[in-house]
Amino acid sequence: METEQEIEKQREYIVKVKEINKNKKLKYSILTMGCQLNENDSEKICGMLEEMEYTKTEDQKEADVTVFNTCCVRENAEDKLFGKLGELKKIKEAKGTIIAIGGCMMQEKHITDKIKESYPYTDIIFGTHTLHKFPENLYKVLEEKRKQEDILDIEGKIYEGLPIKRDSKIKASVTIMNGCNNFCSYCIVPYVRGRERSRTPKAIIEEVKDLAKQGYKEITLLGQNVNSYLRAEKNKKTLELSILSEQKYKENEQANVKFEEYEGVNSFATLLKALNKIKGIERIRFVSPHPKDFTDDVIEAIATCDKVCKLVHLPLQSGNTKVLKEMNRKYTKEQYLNLVEKMKARIPNLTLSTDIIVGFPGETKEEFEDTLDVVRKVKFEQVYMFIYSRRVGTLGDNMENQIPDEIKHKRFDKLKTLVESQIEENNQKYVGTIQKVLVEGTSKNNEEMLTGRTDNNKVVIFEGDKNLIGKMIELKIVSEHMWYLKGNM
Ligand code: 5AD
Ligand code: SF4
């Protein structure tokens, strides 16, 4: 209720700003860093801006409002932001552009301090828990000519019903939960996104039904740890109920179950099953699950739901048990490999992608070899590789024996060489096969060609009529080219 009132209030600000901007033909630009969750947040920022009479431009010079939606998972994003802010100074002086910076990096005090000191011409700073208040903050800058700093340290609530302008008309992201309780020792996310909290099954199902109605074919469920969807809510319930009398416990349990469940959804597995039934949606993906929470019911749901893609992203991070322990990942090399075996046995045609960090503090040459060993064994479809980056405030940052940059880079190159050789080999297996492809649009490099993706997210380029865009078609794969396949109708 409280959150509904808050959104209502923001809608009033949207109307006020819209009134101010009427007939001015104003523009906005937005730069999004980081993960798909951030991209989904940016779609909401765009939604709010468009309702306030701004139209999007890719050219920062002509924007009246410029938004940066930041990430802080690795340090290169910081350099990028500061570089961009420097470039904007002249534009701001000439045009009076309103500069707004939001997202994960703004939850770090040393960053906001630096912005206020070195880039004082920034108008709005907002964090991960105050995105929904963007209309209010913008109004105050426009009307009251006051700079706004709007950052909450405590857990944000879940706000439903923000406007949204999606990047695609075919594929849509749906955030199902936010925050993380895992505290992997290299990771800043739990500090900047707060504790886990899930959207209600009802809100998610209704959003997906609405997407299907609009013609969307593919959805990607997003969360820092999707397979603990609703876990925190259930734990909270148990915690609250344990202090009540038994009679009350029973009453409340029923009341709570009624409140939580919708179409039988009370976990990630049941959510997949419910979404699988929605007519019009043809593909369901999700990122990212945590290997330690990959329960049998989720494996079963992937196996039995025809729309759930058989490419699963399963972040490994390291293939060495000691490093995994230091990383606080709560699984061993063997447990990871056993999980992969179990999944492959139950899910026909399963392929996997993963995240790997090289050069975590203390990682020895031999321990790094274990990572290569797992990569060789699992033969991932895709590997996202990262060089360990120290994040202020994390346990990893305080560890001694940080690995010198040179060694980190060498290990990265070695891993990259292995991964690329595997991809080439792996791509061969597609040549000559028939693949179901969801056609996404024209190819970026060649307007004459169309591009789409297979179930396991491989890009396929092919010749075809533009009215195929948005359709699921079958293509014969004729050749492979490292990052894409070529197909024929
Ligand atoms: N350094 C390098 N990579 C990191 N990741 C998270 N934190 C760090 C860090 N400090 C990687 C992990 C995660 C992905 C989203 O980013 O592999 O899965
Ligand atoms: Fe970071 Fe680990 Fe949480 Fe993923 S599970 S967001 S890596 S702390």
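Tutor: Two strands are said to pair if DSSP finds at least two bridges between them, and with that idea in hand we can read the sheet in this predicted model.

Student: In what order do the strands of the open sheet stand, and with which kind of pairing?

Tutor: The sheet is an open one of 6 strands, and reading across it gives the order β2-β1-β3-β4-β5-β6, with parallel pairing. Strands β2 (54–56) and β6 (148–150) stand at the edges, and because each has a single partner strand, one side of each is left without a neighbour in the sheet. From one strand to the next, the twist averages 20°.

Student: How many bridges join β3 and β4, and which residue of β4 is the bridge partner of Thr66?

Tutor: Strand β3, which covers residues 65–70, pairs in the parallel sense with strand β4, residues 98–103, over 6 bridges. The bridge partner of Thr66 in β4 is Ile99.

Student: At what angle do the axes of helices α3 and α4 cross, and how should I read that value?

Tutor: Angles under 35 degrees count as roughly parallel. Here the axes of α3 (residues 76–95) and α4 (residues 109–118) come within 12 Å and cross at roughly 15°, which makes α3 roughly parallel to α4. The crossing of these two helices is right-handed.

Student: Which residues make the contact between α3 and α4?

Tutor: On the α3 side they are Glu78, Leu81, Phe82 and Leu85, while α4 contributes Ile111, Lys114 and Ile115. Sorted by class, this contact of α3 with α4 has 5 nonpolar residues, no polar ones and 2 charged ones.

Notes. Residues are numbered from 1 along each chain as its sequence is written. Chains are lettered from A and ligands numbered from 1 in the order in which they are written. This is a predicted model: local features need pLDDT of at least 70, side-chain atom pairs count only at pLDDT 80 or more; totals for chains, interfaces and linings use all residues. Side-chain values use heavy atoms; hydrogens and water are left out. Helices (H or I, at least four residues) and strands (E, at least two) are DSSP runs, numbered from the N terminus. Axes are lines fitted to C-alpha atoms, for helices over the stretch in contact, and angles run from 0 to 180 degrees between N-to-C directions. Angles under 35 degrees count as roughly parallel, over 145 as roughly antiparallel, 65 to 115 as roughly perpendicular and the rest as oblique. A crossing is left-handed if the near helix is turned anticlockwise from the far one by less than a right angle, and right-handed if clockwise. Contact means heavy atoms within 4.5 Å. Ala, Val, Leu, Ile, Met, Phe, Trp, Tyr, Cys and Pro count as nonpolar, Asp, Glu, Lys and Arg as charged, and the others, Gly among them, as polar.
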